[in-house]
Amino acid sequence: MGDTTHFRTIIISDVHLGAGGSKAEEVTNFLKSYTCKKLILNGDIIDAWQLKKYGVWKRKHTLFFKRVLKMIEDNKTKVIYIRGNHDDFLDQIIPLRLGKHFQIRKDYILTSGTQRFYVTHGDVFDSITTHLKWLAYLGDIGYTFLLWVNKFYNKYRAWRGLSYYSLSQRVKQSVKMAVNYMTDFEEKLTELARSRSCDGVICGHIHHPAIREIDGIKYMNSGDWVETLSALVEDFDGNWSLLYYDQQEIVEKPVKKTSTKKVVENFPGIEKQVAFTGFLTGRNQRYL
């Protein structure tokens, strides 16, 4: 890989280290595949809720942070860790800055070319996790159970020669949409970005990767590393796209901006903008 920096910014969220469904090895391999100037860990990287109950911290979870530290050491990558609701224990220490290249924050303003983006995990406007935390815990138990059922269900589908089907993702989206109907997650976040004089908002939390415009404000969600295995990436011309770990093609096209800059040398083409292909056989997820 050499000293080539593939992206200006990489944003990942909802890794849920400590939970049974976390794809820790995949996200670590993903970060080994690309380098960047800035890495934003946008919340729920550690799943303290699961660790308090029946989660287990494994070596592969530690290896994730070792990879992040290696990025700082080798490439001087600036790492910004945004707290989420599952790693809200960080509230006790934020804001925290360690040296020039690592900081933990509640939120962040990211400059991309001439645009400003408000970066937040997204739970701030989730009425469940903000006001009824006991119900959020109950929902977390249900989601964990669905992931367990989903694992065996897809083993059966693979035996039948069928493609991957995310039962847990479909159920979670339906339940989450119903419960959050009044708060309207995406519109509330874009309104917040507007109030902060920002051109867009970058979030995670709902495990639903997306890039789109809502009432003149760009909305971007990095997805998760439990099921969708996705990240947001910014090239050196300020173009944003969604990058998937195991898909054969990019589902979301980059959001283009007018620029006279030359494309950075060695920037990967579309055919290479998937970190790994064929690693998880029989899987084809599109939750956009």
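This is a predicted model: local features need pLDDT of at least 70, side-chain atom pairs count only at pLDDT 80 or more; totals for chains, interfaces and linings use all residues.
Residues are numbered from 1 along each chain as its sequence is written, and side-chain values use heavy atoms, with hydrogens and water left out.

The chain has seven helices and twelve strands, these elements being DSSP runs numbered from the N terminus (helices, H or I, at least four residues; strands, E, at least two). Of the 288 residues in the chain, 52% are buried, a class defined by a relative accessible area under 20%, with exposed meaning over 50% and partly exposed lying in between (1.4 Å probe, protein chains only). The chain exposes about 14,200 Å², of which carbon and sulfur atoms supply 55%; accessible areas come from the Shrake-Rupley method with a 1.4 Å probe, and for residues only the protein chains shown count as cover. Among the contacts in the chain with a separation of 6 or more, 71% are made by residues 24 or more positions apart, contact meaning heavy atoms within 4.5 Å.

The pair S11 and S12 belongs to an open sheet of seven strands in the order S4-S5-S3-S2-S1-S11-S12, with mixed pairing. Its edge strands are S4 (96-98) and S12, each of which pairs on one side only. Neighbouring strands of this sheet are turned by 20° against each other on average, direction ignored; axes are lines fitted to C-alpha atoms, for helices over the stretch in contact, and angles run from 0 to 180 degrees between N-to-C directions. Helix H1 lies across S1, S2, S11 and S12 and runs at about 175° to S1, while helix H3 lies across S1, S2, S3 (78-82) and S5 (102-105) at about 150° to S2.

Helix H1 (residues 24-33) is largely enclosed by the rest of the structure, because seven of its ten residues are buried. The buried residues of H1 are Ala 24, Glu 26, Val 27, Thr 28, Phe 30, Leu 31 and Ser 33, and what covers them includes S1 (7-12), S2 (36-42), H3 (59-75), S11 and S12 (240-244).

Ser 230 lies in strand S11 and counts as buried because its relative accessibility is 0%. The side chain of Ser 230 makes a polar contact with the side chain of Thr 228 at 3.2 Å, a polar contact being a pair of N or O atoms within 3.5 Å of which, within protein, one must be able to donate a hydrogen and the other to accept it, with residues adjacent in sequence counting only if both atoms are side-chain atoms. Leaving aside neighbours within four places in sequence, Ser 230 is in contact with Pro 209, Ser 222, Gly 223, Asp 224, Trp 225, Leu 243 and Tyr 244. In the loop between S10 and S11 (230-234) lies Val 226, which counts as buried at 4% relative accessibility. Val 226 and Ser 22 are 204 residues apart in sequence, yet 4.9 Å apart in space, C-alpha to C-alpha.

A further open sheet contains five strands in the order S6-S7-S8-S10-S9, again with mixed pairing. Here the edge strands are S6 (108-112) and S9, each pairing on one side only, and neighbouring strands are turned by 25° against each other on average, direction ignored. Helix H7 (residues 185-195) packs on this sheet, touching S7 (115-119), S8 (200-203), S9 and S10, and its direction makes about 125° with that of S10.

Strands S9 (residues 210-214) and S10 (residues 217-221) pair in the antiparallel sense over five bridges. The two strands form a hairpin with two residues between them, and Asp 215 in the turn has a positive phi of about 50°. Ile 211 has Met 220 in S10 as its bridge partner, and Arg 212 stands opposite Tyr 219. Glu 186 is placed in helix H7 and is buried, with 18% relative accessibility. The side chains of Glu 186 and Arg 212 are joined by a polar contact of 2.5 Å. Not counting residues up to four places away in sequence, Glu 186 touches Ile 206, Arg 212, Ile 214 and Tyr 219.

Definitions and conventions. Two strands pair if DSSP finds at least two bridges between them.
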